[in-house]
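Here is a short report on aromatic contacts and overall build. Start with the rings, then step back to the whole chain.

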Amino acid sequence: MAVEGRSDRNWMAAAAALAARGRPASRPNPAVGAVIVRSGRVVGRGFTQAGGRPHAEAMALAQAGDAARGATLYVTLEPCAHTSTRGPSCSSLVVASGLWRVVVGCPDPDPRTAGIGMESLREAGITVDLLPSPEAEASLAGYLARARLGRPHVTLKLATSLDGCIALADGSSRWITGEAARAHVHVERARAEAILVGGGTLRADSPRLDVRLPGLEARSPERWVLTRGAAPQGWRAVANITAPHAFGDLQYLYVEGGAGAAATFLAADLVDRLMIYRAPIVIGGGRPCIGDIGLATLDAAHGRWSHVTRGQLGSDTLDVYERRR
């Protein structure tokens with residue numbers, strides 16, 4: 001349905017794109033995006049701020065001021081319905097703003113809000129439309145994984161040769177992919193709350209796992225290692241990735257390898273997204289990118305992944321796959 005010069009779906013996609021600016025600094029709150037539109041013009045926009053407050057709706061309403069009256073709010077997640085010590089609920093702010101319509105991209109699974117937020121707006125005479133949005137859900141992937149699955153959204157990154165190797169037979173691996181692909185990895189690191197490698201990778205490579213892009217250095221995530229031993233200073237050790245609360249309140253975990261860590265996460269069916277960077281080289285006899293994941297038959301390997309996108313990064317190719325639910 002067309003509204004105020006652009007479709008609802010386009011405005012919701014704009015709100016979802018805005019939400020990405022709050023990730024991962026909004027932890028432990030979800031990164032939400034909000035856009036307020038009046039007479040075909042954006043009069044307010046906001047995303048969840050660092051530490052989880054102010055919320056996206058509060059930011060957008062503050063920017064819009066009196067222009068919010070009679071306008072439409074597009075928000076990726078249902079406005080919260082509970083008051084906390086850090087401020088009023090977003091639902092109450094919306095009611096007081098004079099907005100005439102709210103379009104929600106995803107219901108909130110938090111029992112303190114689930115359905116209550118939208119209903120409170122309707123009771124106040126505000127038109128509320130739930131518009132299921134793939135973009136909104138994607139922008140909330142970490143929050144939804146934690147609410148629905150009790151764990152973070154997990155991305156597994158692999159940088160391989162055309163024949164699926166991550167190193168020569170002697171372990172040499174710098175560099176398989178080129179500069180553009182490595183820079184892209186740093187962007188992905190900046191979007192994560194923690195990066196995890198296996199103990200073997202830590203011992204062999206002593207990786208820094210930081211973000212080394214101008215302006216993003218402060219976005220370096222926590223460093224985790226999959227090991228049963230003690231972690232080095234500044235690192236966190238994880239011994240059992242299937243244990244309850246193994247990842248605390250993390251919403252986004254980025255797994256960089258090596259082959260053993262990749263196999264452990266895949267075998268436990270804990271990977272939500274695969275990012276495979278392929279360099280146009282053939283190694284032959286090198287170290288494989290993934291260890292044994294316990295498949296008994298080829299049939300068990302099919303139907304697990306959907307190809308999402310392919311891009312070119314210099315001479316390298318990036319393929320992204322998402323886990324089928």
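Ring pairs join Trp224, Phe247 and Phe265 into a cluster. The model is predicted. Across the whole structure, a search turns up three aromatic pairs. In one of them, the ring centres of Trp224 and Phe247 are 5.9 Å apart and the planes meet at 20 degrees, so the pair counts as stacked.

| Arginine | Ring | Distance to ring centre |
|---|---|---|
| Arg23 | Tyr252 | 3.6 Å |
| Arg182 | Trp175 | 4.5 Å |

Arg23 lies over the face of Tyr252. Arg182 places its charged end over the ring of Trp175.

Now the whole protein. It has nine helices and 17 strands. The C-alpha atoms fill a box of roughly 70 × 45 × 40 Å along the principal axes. How does the radius of gyration compare with that of a compact globule, and what is its value? The protein has 22 Å; a compact globule of 325 residues would have a value near 20 Å, so the two agree. Buried residues account for 48% of the 325 residues. Of the contacts between residues at least 6 apart in sequence, 71% join residues at least 24 apart. The accessible surface is about 15,200 Å², and 52% of that surface belongs to carbon and sulfur atoms.

Conventions
Residues numbered from 1 in each chain as written. Predicted model: local features only at pLDDT ≥ 70, side-chain atom pairs only at ≥ 80, totals over all residues. Heavy atoms only, no water. Phe/Tyr/Trp six-rings, centres within 6.5 Å; stacked < 30°, edge-to-face > 60°. Lys NZ or Arg CZ within 6 Å of the ring centre and 35° of its normal. Helix = DSSP H or I, 4+ residues; strand = E, 2+ residues; numbered from the N terminus. Rg over C-alpha atoms; globule rule 2.2 N^0.38 Å. Buried < 20%, exposed > 50% of the residue type's maximum accessible area, 1.4 Å probe, protein only. Contact = heavy atoms within 4.5 Å. Areas by Shrake-Rupley, 256 points an atom, 1.4 Å probe, with all protein chains shown as cover.
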